[in-house]
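Subject: Structure handover

Hello,

Here is the structure you are taking over. Please open it beside this email as you read.

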Amino acid sequence: MPISASSTYQRRRREFRKHFFPQAQPAEWRDWQWQLRNRIRDADALGRIFTLTDDERAAIARRQGALPLGMTPYYASLIDPADPADPIRKTMIPQLAEFEVAPGEMTDPLGEDPRRPVPGIVHTYPDKVLFLVTDHCATYCRYCTRSRVVGSGELVPSRRAWAQGLDYIRATPQIRDVLLSGGDPLTLSDQRLNELLTELRAIEHVEFLRIGTKIPAVLPQRITPALCRMLKRHHPLFFSIHFTHPAELTPESARACERLADAGIPLGSQTVLLKGVNDDPETMKQLMLGLLRIRVKPYYLHQCDAVSGSSHFRTSIQQGEAILRHLHGHTTGYAVPTYMLDAPGGGGKVPLTPNYVVGQQGQVLHVRNHEGVDFHYHLPPPDESGRPLPLRDEHAAARAHPRMNP
Ligand SMILES: *Cc1c(COP(=O)(O)O)cnc(C)c1O
Ligand code: SF4
């Protein structure tokens, strides 16, 4: 049984609604528009629900023009309001550490901006593009790689901006794979999303469509039968769903994924490895197995990008490897994601396996991408919390025999 379906979680969530949204009818709570309208967006609303720490209070007061605050009431109901160490809370409520910039951190860690031929398109790989169709999200993650653009008004979902993106794709025949992202494409209405997918489907060389979204985890009410009926007209269409913690595996998110899967949409998950949130091997295993139960195939486990102010979220590579070792061979192969690093500066995704990892000197990890080009990722400063490192260093062999590397 998913943890969050356990009676403690269910009780907590019922109490949350009664206590903090007593006027909400059950039908309103189930309505995604109501959830969006009633988002928790400022210090007052947060303070009404959560017992804020001094650090959180100071961080909320200090943030200006930065990544917006926002949480659906549904997602907030998954958090224990009195526990400052609640894993989901850490991803949603700002901390002062967000303002500290560690070595190697950047506002655009993936070097996307120089690879944007038009504002809405990121073209890093030969045959696939990211199409950033909106800068809105239902909730804003503190570790967001694209915090420089989300919620900033830079990628407003205008027909003119989309037309530029569509023109670029039409004029670039090598693009066979388009991944809609942002922001979160599912914050768009059914009608506008349908327009966009229809335009993309009309382009002969576009074979494969994907939507990258966090909505099934944070606003599962959005996955309505009408949305699914519309989506299934645009196959082959895949979903990459951002899941973070087993507490997200609720009856609501399970129903959302079931509806999408029933519409014939293959579902994959993308999870960012986050310190103190999901970096414990057993927590990650529960998430991966829980995802399989709701018909989502774990796709990528991402090393957290070195975005400015992320060092309190980032872990060592050894921690990620320990998690993979806890999964591989110990459970269903389908539950094992690929552990990925997005090479800083635009090298693309690099699997964190000995074929691609050249070595590590101090806090600098050296990787080689699919084109044989080298990149360096600055690991977060060493952990003072004294978290024990795993016993085995699988990269030691690769370092000792450099010729084993490509
Ligand atoms: C992640 C990403 C993709 C998709 O990569 P897959 O490995 O096919 O999932 C495409 N373009 C960009 C710029 C990306 O960052
Ligand atoms: S849902 Fe995705 S794009 Fe939106 S804030 Fe979170 S990580 Fe960023």
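The second largest pocket in this predicted model has a volume of about 420 Å³. On a 1 Å grid over the protein atoms alone, a pocket is an open set of points where a 1.4 Å probe fits, with protein on both sides within 12 Å along at least five of seven lines. Grid points are joined across faces, edges and corners, and the volume is the space filled by probe spheres set on them.

Its lining (residues with an atom within 4 Å of a point) has 18 residues, and Trp29, Arg30, Gln221, Glu252 and Arg255 lie nearest the centre. Two or more lining residues come from each of helix H1 (7–20), helix H2 (26–29) and helix H12 (251–262). H12 gives the largest share, five residues. Helices (H or I, at least four residues) and strands (E, at least two) are DSSP runs, numbered from the N terminus.

By class, this lining has seven nonpolar, four polar and seven charged residues. Ala, Val, Leu, Ile, Met, Phe, Trp, Tyr, Cys and Pro count as nonpolar, Asp, Glu, Lys and Arg as charged, and the others, Gly among them, as polar.

The largest pocket holds about 1,000 Å³ of space. Among its 46 lining residues, Leu130, Arg146, Ser181, Gln270 and His302 are closest to the centre. Strand E7 (297–303) is one of the elements giving two or more residues to this lining, and its four residues are the largest share. The lining divides into 21 nonpolar, 15 polar and 10 charged residues.

Residues are numbered from 1 along each chain as its sequence is written, and chains are lettered from A and ligands numbered from 1 in the order in which they are written. Local features need pLDDT of at least 70, side-chain atom pairs count only at pLDDT 80 or more, totals for chains, interfaces and linings use all residues, and side-chain values use heavy atoms, with hydrogens and water left out.

Regards
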